[in-house]
Amino acid sequence: MSILTEMGQKAKEASVVLSVLSTLKKNEALCCAAQGLLDASAKILAANKADVDGALAAGIKGAFIDRLTLTQVRLEEMAEGLRQVAALDDPVGEVLSMKTLDNGLTIGQKRVPMGVIGIIFEARPNVTADAFGLCLKAGSAVILRGGKEAFQTNQAVVSVFRQAVQELGLPADIVQVVPDTSRETANEMMRLNRYLDVLIPRGGAGLIQSVVQNSTVPVIETGVGNCHIFVDDTADLEKAVAIILNAKTQRPGVCNACESLLVHEKVAKEFLPMVGDALKSKAVEIRGDETTCSMISGSIPAIEEDWATEYTDYIISTRVVKDLDEAISHIRKYSTGHSEAIITENYTNAQRFLNEVDAAAVYVNASTRFTDGGQFGFGAEIGISTQKLHARGPMGLKELTTTKYIIYGNGQIRK
């Protein structure tokens, strides 16, 4: 029996216990796990330092190191995130509808746990805590497979969670972490149909596409964010600069950061130098079309690949378009369906953009950085779904459940 098969069996058994656990007990487990993170902070931060040192020695740098690095503050934020999940309403058991038919049958629909959720993700230790907390509250066991760069950190964090739930008399196998990061193990996990009810990849485009293309377990596709901001000819240009600066530089390594800027030709001459100076002040590399390069000194000529790239770094592609139609056409061609925004003072243009741009989140006069479960008021999330089946946009507790029909009868038989 392979290690993953054994883990799957244990997770399935643990999920039975978890599926009928009371909200009170789940919340108690989450709060104990949060305190456990703080109590074990020295151990976790030491493991994380070893991971970061290893990544730096391997030549990794930039935004990747920022995503990988834990600090005491970030650890406290992870703990607070678990407490926030505990404070959220429990979706399990919610009856969505109930009706009585002419034959006397009463039929309802009820939220229930998924069962066992698998999550494959890259070097972001906070995902370990988010995944554990959300899956536990949603009543499902979870098997985690993190990236090799965060291996020691993930092991340390999961050991804290397992100890916390065990101390409350719950099975430790509510949460497990795959003990190696080989490609073979990842491929086996993608075919663990007998035990995994759903698989969620969270990371870059390469990881997500690998899982989507190779998994025989049902997949919820998340995260790749080639996000655009279009500055219309009626835009408040000062407002536009502030929004773009936030969307690009507030945290460039995340999926809701702006990667591509489109500017209406009527305002390009005035706006491009403004936004160029602002972006360069934050050390953002600008890769532009011919017009952009002529108006922003130091810009690098863009190639076709740039329009389709999620940089997750201090780089932005920039193009001048003749009108709203061309902007929408460009977005349709290159968007990953994550988050798109228009800066405009024209109501008709705003409505057209909202109606015609196909993405999980579409904004008018706001930063794309708000595409987040917490920012939307939903609480913590497991990722941003960019697909259209089951879940789309921030995936919180409700999106980690499924439904079943419950039918009450009184001896009815079908004729």
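This is a predicted model: local features need pLDDT of at least 70, side-chain atom pairs count only at pLDDT 80 or more; totals for chains, interfaces and linings use all residues.
On one side of helix α3, Ala 42, Lys 49 and Ala 57 are exposed. Helix α3 comprises 17 residues, numbered 41–57. From its first C-alpha to its last, α3 reaches 24 Å, close to the 24 Å expected at 1.5 Å a residue. The buried residues of α3 are Ser 41, Ile 44, Ala 47, Asn 48, Asp 51, Val 52 and Ala 55. When α3 is seen down its axis, these buried residues fall within an arc of 140°, and they therefore line one face of the helix. An α-helix has 3.6 residues a turn, so residues three or four places apart point the same way. Gly 59 follows α3 and has a positive phi, near 90°.

Residues 3–19 form α1, which has 17 residues and spans 24 Å between its first and last C-alpha, close to the 24 Å expected at 1.5 Å a residue. Leu 4, Met 7, Gly 8, Ala 11, Ala 14, Ser 15 and Leu 18 are the buried residues of α1. Their arc around the axis is only 135°, which puts them on the same side of α1. Glu 13 and Val 16, on the other side of α1, are exposed. The packing partners of the buried residues include both helices and strands: α2, α6 and α8 (183–189), together with β3 (116–121), β4 (141–145) and β5 (175–177).

The largest pocket has a volume of about 990 Å³. It is lined by 30 residues, and those nearest its centre are Glu 77, Asn 126, Asp 130, Arg 251 and Asp 372. Helices α4, α5 and α6 are the elements that give two or more residues to this lining. The most is given by α5, with six residues. By residue class, the lining of the largest pocket comprises twelve charged, eleven polar and seven nonpolar residues.

Two individual residues are buried. Ala 257, in the loop between α10 (237–249) and β8 (258–264), has a relative accessible area of 0% and is therefore buried. Beyond the residues up to four places away in sequence, Ala 257 touches Gly 225, Cys 227, Ala 247, Arg 251, Pro 252, Thr 368 and Arg 369. Ala 257 and Ser 339 are 82 residues apart in sequence, yet their C-alpha atoms are 8.8 Å apart in space. Asn 349 lies in helix α15 (347–356). With a relative accessible area of 16%, Asn 349 counts as buried because this value is under the 20% cut-off. Apart from neighbours within four places in sequence, Asn 349 is in contact with Asp 232, Asp 233, Leu 324, Ile 342 and Thr 344.

Positive phi values also occur in residues other than glycine. Ala 283 has a phi near 65° and is found in the loop between α11 (265–281) and β9 (285–288). Ala 283 is exposed, because its relative accessible area of 58% is over 50%. Thr 312, likewise not a glycine, has a positive phi of about 45°; Thr 312 is found in the loop between α13 (304–307) and β11 (315–321).

Note on methods
Residues are numbered from 1 along each chain as its sequence is written. Side-chain values use heavy atoms; hydrogens and water are left out. Helices (H or I, at least four residues) and strands (E, at least two) are DSSP runs, numbered from the N terminus. The expected span of a helix is 1.5 Å times one less than its number of residues. Buried means under 20% relative accessible area, exposed over 50%, partly exposed in between (1.4 Å probe, protein chains only). The arc is that of the directions from the helix axis to the C-beta atoms. Contact means heavy atoms within 4.5 Å. On a 1 Å grid over the protein atoms alone, a cavity is a set of points where a 1.4 Å probe fits but cannot get out, and a pocket is an open set with protein on both sides within 12 Å along at least five of seven lines; lining residues have an atom within 4 Å of a point. Grid points are joined across faces, edges and corners, and a volume is the space filled by probe spheres set on the points. Ala, Val, Leu, Ile, Met, Phe, Trp, Tyr, Cys and Pro count as nonpolar, Asp, Glu, Lys and Arg as charged, and the others, Gly among them, as polar.
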